Amino acid sequence: MQEKTKFSRREFLKVLGATTSAAAVGCSQELPEKMAGYVSPPNEVIPGIAVWYAGSCGECSAGCGVLVRTREGRAVKLEGNPHHPVNRGGLCALGQASIQAHYDPDRIREPLKRELKASFVPTEWKSSIEAVAAAVKDCPPDKEILFISEPLSGSAVALVEELKKAAPRLTHVEYELLSRDAIDLAATAVYGNGVTTHFDFSKADVIASFGADFLESWISPVEFSRQWAERRKPDSAGGMSYYVHFEPRLSLTAANADRFVKTNAGSELFYLAALLRAVSGMRSASGAVTSALGSLDLSDANLKKLGVSMSVVNDVAKRLVSAGTSLVVAGGSSLSGDEGVTAATLALLINETLGNVGKSVVLRESSKRAASGHAALAEIAQAVATDSRKLAVIITTGANPVFTSPAGSPIRAMYSKAGLVVAISTHIDETTQFATVVLPRSTSFESWSDAEPAPGVWNLNQPSMQPIYATQGLGDTILAILLQMGKTYGTQDAPVRSFHDFMRAQWKTRTGANGNFEAQWLKYVERGGSWDKPVTTSVARSATGNVALPAPKPRVDGELKFLAFATLVGDSRGANRAWLQELPDPIANAVWGSWVEMSPKTAAHYNVKTGDIVQTRTANGAVGAPVIVSKYVADNVLAVPIGQGHEAYGRYAQGVGANPIAILDPTTTSGGLSFVSTVAADGGVRRVSSSERLVQTFGSDTQEKRGIIRTVGLSTLAHAAAGHHVADAHLAESAFEDHGKSSHGAASSGHGEEKHAAKHHDPMALGPQPEPPQMYKQMNHPMYRWGMTIDLAACTGCSACVVACSAENNVPIVGKDLVSRGREMWWIRVERYFDGPEEAPVEGFLPMFCQHCANAPCEPVCPVFATYHNEEGLNTMVYNRCVGTRYCSNNCSYKVRRFNWFHYKWPEPLTWQLNPDVTVREVGIMEKCSFCNHRIIEAKNNAKNEGREVRDGEIATACSATCPTKAITFGNLLDHDSEVYKLSQNARAYKVLDQYINTQPAVSYLARVRNDQKTTGA
């Protein structure tokens, strides 16, 4: 990372010394002149003590609640709010990386204007607001105003409604690339207007997903991951759920399925229709089902031609019908556009037939008041292109439609034809480049906002620090325009002069204007919102009897399809965050760029191999990217991730990878943009020369039967519960074979030292293992023995723990070149191996970090005693002793130590995010996971001050705190009542490599559990 922007000491101290509670007012955006120095510190700032602020994550429309940790007036870390009903304490990688977006060195720092066709020049807030307000107010009667935003809710919606009243010719379009338009339209088709759907995966005994990547990118991944994980543990109250996934490529969600059905591109709709027909034959079907199936060709010949396996359909149908409650979802990249609406409608009809509506499928009231999606925006753009509509002003905020639209879309031209283009933005991205006036937008760390992510759930976000630059929040900017237009709000005694005032008035009206509002408001702010009503607030609605579906487009045999799919970087908003660029993709393990996934058969046809650069051409253009050959992609499919290929946006995004959206079909329908296009027949795929290279971080796709990730069948586990021996199932001929007949060692309930010792040396035995005889006396741990457990049945491989660890521990980013040399600095890596059978190829996901071994191989080889085992069981690092011999890394059996080859730069103001509790390491020393030792010390000090020991659950490491599925548990292994001790004694527990090399790790993994792959009579 290169240091390009510098701040003066005076500027740094001005922001650092600012009080953390001030809010922006009106359009006066100069930072306060008077700052309280630490000779007289603000009341809420105590040097060395963290202050927490409740708020909400604005990275997507899911609406997760967060807690912001601040130190000396600056935000340094995010955690999920454990009391929030949406995410319940979890936070995804994108949410964790939002702190890096806040301190992004490429953020817009002041208002800008474009003079003629020159580049942007700085200007003032006052003149900028005056110019925008005048253009909006004086809009000619033959022209319109277009306001494009991310999906809004709460007080922002009310404020936009006020703007529409003040400017009647204004049209508001909510635009989001990965939107929920398809499922909303499906709900309207089945139940009528005013209804939308939501899902509860924890209620389902059987889950079938058609393309919906709900663990990574679909609708509300953190919420869905937690729900899914609740039913994936064998001791779940309702029993372990069964999950089958249909998709042309192996996504993160597909990799977690009990059964992955690799579909031919375009056959998913017919799988859904055949499943609906099968289910309706076993249950009484409604008129809506008959109506929907009438337009589809479900003849045996057509289904066979499309590659639809009726044996799979029948098996899944029987599982769904026999389940108490089930859930069928459809969506994602492979089912988008018109087909996305059709698929979501079919899925909803299946749920209706199975009686899932009101249980795992929740109907909610919908109060959409804005046009929505790519189709609505494209329709306006097309009208502007033909001069049937003229735009006087375009205002864009929270969206980048120029980048997220195909090159053939009229949206880019629309911006060129508008009179005044206003961008309320944080970055100069592809859309902001068209602006004539740029109004810099504050982040959620600097501004007030609210939202309603679910009925009865109201988020309230407060600023956790002063604005770094001369920016203001979206609400304050809109309000400033309205005030400049002569509008007034509030009363004479209590005028509304800021969005904070406006929002308070909205909350007062909604909650009731009684004498206790001030006290109640403070509770809302402290809590991060109000959610007194249950999230599952639902409406009762019967399915209509007339559901007509359009016939799917005919398929051509051998036709090559181009698929743009979503990843952890979201809709591209995470592309300028170095953490996310360097974060390995969970499946491909690729970093810093794009790639093209294709099957071995397709690769052989075009004579390419992994690492070759190919150009893929459709009727709308071409993109080039390195090849990854994978047998987990359907034949005749080329899959490229979304989010890369920026021409602007910032130093970490610009020029990295390719933008697959640019070559998609620009034709849009009510279902929005289709992420599937047809590759040109002639010259559609050809190898080209390029300096770009593919960088992947994995060492091997197989674990060579070493038992690193272990999987046990559900029936095997049940057999073990009867007192039989438990062995690792993945080493058998079948990954789901019952190992009850295994002759390894003694039963887990056996007694006697001989049996225990023998069992310890059974490498594949599961369950708690007693310590074997030792040559030397082992170290005593008088009060604490810190340890951790990771339940692989719940771990999805989402990598949120990796980003959270980096944010907490100041882990540097090294860039693509150094990663290609194996010099990445992550303290955690997520292992994944393709050792499973064809229908479940990924054996599991395993976070690997320092195991804090009691018998650590790294310790005796250090010549300067820089690493040692302390009395609390931690393998510690004394950085100022380390001389960089790297002996410890060479001797580490788990390869989790990192060496600082260089002095890594943190461009300003990224340095402000560094955690002051953790040393920033220098060149020439080793570093690794510390179990967040600074958090342990803080908790011990608090306990000591109160005259007690640390309580169970009082300490959460960065990785365990953020885990959406709560797969990671940390605590004191000496406390036999602690959760971590109980889990370490679980029948599924094992320690990686311990039975081979006697390292005695403090980390126990719980083997992943799979449902047995026995069909139900198909």
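Q: Why are helices α17 and α18 called roughly perpendicular to each other?
A: In this predicted model, the axes of α17 (residues 499-511) and α18 (residues 517-527) cross at roughly 110° and come within 11 Å. Angles from 65 to 115 degrees count as roughly perpendicular, and α17 and α18 are therefore described in that way. The crossing in which α17 passes α18 is right-handed.

Q: What makes the contact of α17 with α18, residue by residue?
A: On the side of α17 the contact is made by His500, Met503, Arg504, Trp507, Lys508 and Thr511, while α18 contributes Phe517, Glu518, Trp521 and Tyr524. Sorted by class, this contact has 5 nonpolar, 2 polar and 3 charged residues.

Q: Why is helix α16 described as largely enclosed by the rest of the structure?
A: A residue is called buried when its relative accessible area is under 20%, and 9 of the 11 residues of α16 (residues 474-484) are buried, so the helix is largely enclosed. Among the buried residues are Leu474, Asp476, Ile478 and Leu482. After α16 comes Gly486, whose phi is positive, near 95°.

Q: How do you know how α4 is oriented relative to α16?
A: The axes of α4 (residues 125-137) and α16 cross at roughly 70° and come within 9 Å. That angle makes α4 roughly perpendicular to α16, since the term covers 65 to 115 degrees. The handedness of the crossing, as α4 passes α16, is right-handed.

Q: Which residues of α4 and α16 meet, and how do they divide by class?
A: From α4, Trp125, Ile129, Glu130, Val132 and Ala133 meet Thr477, Ala480, Ile481 and Gln484 of α16. The residues of this contact divide into 6 nonpolar, 2 polar and 1 charged.

Q: What makes strand β23 mostly covered?
A: In β23 (residues 613-618), 5 of the 6 residues are buried, the cut-off being under 20% relative accessible area.

Q: How do you know that β23 pairs with β24, and in which sense?
A: Two strands pair if at least two bridges are found between them, and β23 and β24 (residues 621-629) have 6 bridges in the antiparallel sense. Val614, for instance, has Ala625 in β24 as its bridge partner, and a hairpin joins β23 to β24 through 2 residues.

Methods: Residues numbered from 1 in each chain as written. Predicted model: local features only at pLDDT ≥ 70, side-chain atom pairs only at ≥ 80, totals over all residues. Heavy atoms only, no water. Buried < 20%, exposed > 50% of the residue type's maximum accessible area, 1.4 Å probe, protein only. Helix = DSSP H or I, 4+ residues; strand = E, 2+ residues; numbered from the N terminus. Axes fitted to C-alpha atoms, helices over the stretch in contact; angles between N-to-C directions. Parallel < 35°, antiparallel > 145°, perpendicular 65-115°, else oblique. Left-handed = near helix turned anticlockwise from the far one by under 90°. Contact = heavy atoms within 4.5 Å. Nonpolar A, V, L, I, M, F, W, Y, C, P; charged D, E, K, R; others polar.
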